[in-house]
Amino acid sequence: MRRRYYIVAVCLLVMSFLLTACGGKEKDKKVIHIQIAYENNTDEPLSKACEKWKELLEEKSNGEFQVDLYPSSQLGTKNDIINQAIAGDAVITLANGAFYSDLGVKDFGVVFAPYLFRSWDDIEKLAQSDWWEKQEQNVKNQTGLTIVGKNWHYGVRNTLTRKKVESPSDLKGKKIRVPSNLLQVDSINVLGAAATPMSLGDVYTSLQQGIIDGLENPITVIESGKYQEVAKYLLLDAHIYDLTTWCCGDEFYNSLSEKQKKILTETCEEAGVYNNEIVEEAEAKSLKELKKEGVKVQEVSDEEKDEWEKASESFYKNAEKKYGWTPDLIETVKSIIKE
């Protein structure tokens, strides 16, 4: 009888040890908290795709990654978030070629040259090239940032104004809101307009008060921001196909294991595919809503697009010198697109 009690006691002791050990391992499991921050509102496709990314990242890492989303500039402007990332915070945000250009990767800015691309296929072909890979490495070497995803369609950028615009001459003197980067400022100014950098959160009131005459942005952003309530003319000039990237700070990225880096990138790309699907659907829906709310939509034919390209020619004349681009950069990009 004593021997039986002894065996039971030993078994209980072993089980207790194993449970404690397992519990300790679970307790000691390192959870990586990530903040994904952006300026867009929660009802926009990009924000919905970020929710998808959060779901994928947490699921495929078995909870090793825990993600908090901060839409609507909750963590500050893009510059604020980028500075946090460079300082070492576990924060991820979106940025495009024009932004990286302002940070010193000059050639990356060419993706925001006006009317350079005629379709998503054009810029996606560029994104798969050796040239693009080199730009990503330059971002890492020169800015303290690492790009973790590059396939997200932010949207085709068009122009909404308070007064009708049919041709480049109609933009002369009009104050058009743009993001705070030199390339987008110049691409609007060459058309005779007055580019006006400001936070997206200030645009509605500025339109309402007549401080600005319009803005350029994807249709979904325009409709979500309710700018159609104070500006009724939409020009579908498609001056930029905005393919955006997601980036984090090198310090945070380098703290991850190779497996964690792979999960981060793969889930970002997977969420990007989802984003692109809903962006296309949302753009069609937003355009329908804008028309319903009284917005007059001006289509731009291929022939008229040629007119807008011609009006932007001065942008390219001194671009290499002004933006520090490598010689024949435009020709290089055009040759990649045509391959």
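This is a predicted model: local features need pLDDT of at least 70, side-chain atom pairs count only at pLDDT 80 or more; totals for chains, interfaces and linings use all residues.
**Entry 1: the chain as a whole**

I started with the overall counts. The chain has 339 residues, and 50% of them count as buried. Its secondary structure amounts to 15 helices and nine strands. I then took the extent along the principal axes: the C-alpha atoms fill a box of roughly 100 × 45 × 35 Å. The accessible surface is about 16800 Å², and carbon and sulfur atoms contribute 49% of that. For contacts with a separation of 6 or more, I noted that 76% join residues 24 or more positions apart.

**Entry 2: α5 against α15**

Next I looked up a helix pair. Two packed helices are described by the angle between their axes and by the distance between those axes. For α5 (residues 120-127) and α15 (residues 329-338), the angle is about 105° and the axes lie 8 Å apart. An angle from 65 to 115 degrees counts as roughly perpendicular, and α5 and α15 are therefore roughly perpendicular to each other.

Which residues meet where α5 and α15 pack? On the α5 side I found D122, K125 and L126; on the α15 side, V333, I336, I337 and K338. Sorted by class, this contact holds four nonpolar and three charged residues, with no polar ones.

**Entry 3: the buried side of each helix**

I listed the buried residues of α5 as W120, D122, I123, L126 and A127. They span an arc of only 160° around the axis, so they sit on the same side of α5. I checked what covers them: α6 (130-143), β4 (145-161), β8 (233-249) and α15 are included.

For α15, the buried residues are L329, I330, V333, I336 and I337. Viewed down the axis of α15, they fall within an arc of 125°, so they line one face of the helix. I noted their packing partners as α5, α6, α13 (313-317) and α14 (319-323).

D122 and L126 of α5 turn up both among the buried residues and in the contact with α15. On the other helix, V333, I336 and I337 are buried and also meet α5.

**Entry 4: Q260**

Last, I looked at Q260, which lies in helix α11 (residues 258-292). Is Q260 buried or exposed? Its relative accessible area is 9%, and the cut-off for buried is under 20%, so Q260 is buried. Setting aside neighbours within four places in sequence, I found Q260 in contact with I32, E64 and F65.

How values were computed:
Residues are numbered from 1 along each chain as its sequence is written. Side-chain values use heavy atoms; hydrogens and water are left out. Axes are lines fitted to C-alpha atoms, for helices over the stretch in contact, and angles run from 0 to 180 degrees between N-to-C directions. Helices (H or I, at least four residues) and strands (E, at least two) are DSSP runs, numbered from the N terminus. Angles under 35 degrees count as roughly parallel, over 145 as roughly antiparallel, 65 to 115 as roughly perpendicular and the rest as oblique. Contact means heavy atoms within 4.5 Å. Ala, Val, Leu, Ile, Met, Phe, Trp, Tyr, Cys and Pro count as nonpolar, Asp, Glu, Lys and Arg as charged, and the others, Gly among them, as polar. Buried means under 20% relative accessible area, exposed over 50%, partly exposed in between (1.4 Å probe, protein chains only). Accessible areas come from the Shrake-Rupley method with a 1.4 Å probe; for residues, only the protein chains shown count as cover. The arc is that of the directions from the helix axis to the C-beta atoms.
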